[in-house]
Amino acid sequence: MTINSTAGAKVYIGPASEATTLTEFEAITTADTWVEIGEVEDLGEWGAEGTEITFKNLGDKYTRRRKGTIDSGSVALVCARDPLDVGQIAARAAAEEQYSYAFRVVLEDQPSDAGTPTTFYFVAVVLSAKNSFGTADDLTKTTFTLGIDGAVIEVPAAA
């Protein structure tokens, strides 16, 4: 089967970083400095999107379109708030800093028991850590907004 649910995905925060290549991200992995962010409910949506540049030609009355810069987006990472979760503590601390941090998202989509899952790497600024309190029948949640700073590197699942 080639389609999977998001269930089982894990999100990790690493150190402040300016990594841009898979080799640089893998060096962080070997340093064993990734901390899982617990109680994640929603990974949001993110990925490369080109900025549209337009030009309106008076002569033929048509709009011309070109692609400008690429924006990898922002992640709205929704978590059930756990004040003792080490990953959430690290993300809250990062929200107070100006630095970009390394992030790793690992899906549970390996094609076989011996396979490896899809893994995404990116660097992001933690723009916010907002709490949502809701009503008496809601869990308190924290949404971490991660502003992706550059490309998202995807390492596909393998058998």
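Predicted model: local features only at pLDDT ≥ 70, side-chain atom pairs only at ≥ 80, totals over all residues.
**Surface and overall build**

Residues are numbered from 1 along each chain as its sequence is written, and side-chain values use heavy atoms, with hydrogens and water left out.

I found two helices and ten strands in the chain. Both kinds of element are DSSP runs numbered from the N terminus: helices are H or I with at least four residues, strands are E with at least two. Along the sequence I read the pattern β-α-β-β-β-β-β-α-β-β-β-β. The C-alpha trace spans about 65 × 45 × 35 Å along its principal axes.

Of the 159 residues in the chain, 30% are buried. Buried means under 20% relative accessible area, exposed over 50%, and partly exposed in between (1.4 Å probe, protein chains only). I also looked at contacts (heavy atoms within 4.5 Å). Among those with a separation of 6 or more, 66% join residues 24 or more positions apart.

I looked up two loop residues. Ala19 lies between strand 1 (10-16) and helix 1 (22-30). Is Ala19 buried or exposed? Ala19 has a relative accessible area of 9%, so it counts as buried. Leaving out residues up to four places away in sequence, Ala19 touches Glu24, Phe25, Ile28 and Val123.

Pro83 sits in the loop between strand 6 (74-80) and helix 2 (86-95). Its relative accessible area is 45%, so I put Pro83 down as partly exposed. With residues up to four places away not counted, Pro83 touches Ile89 and Arg92.

**Ser100**

Ser100 is found in strand 7 (residues 100-106). Its relative accessibility is 13%, so Ser100 is buried. Which side chain does the side chain of Ser100 make a polar contact with? The partner is Asp149, at 3.2 Å. A polar contact is a pair of N or O atoms within 3.5 Å; within protein, one must be able to donate a hydrogen and the other to accept it, and residues adjacent in sequence count only if both atoms are side-chain atoms. Asp149 is also on the list of residues that Ser100 touches, which includes Pro15, Val123 and Val125.

**Positive phi**

Glu39 is not a glycine, yet I found a positive phi of about 60°. Glu39 is in the loop between strand 2 (35-37) and strand 3 (40-42). Lys61, also other than glycine, has phi near 65°. Lys61 is in the loop between strand 4 (49-56) and strand 5 (63-71). At 75% relative accessibility, Lys61 is exposed.
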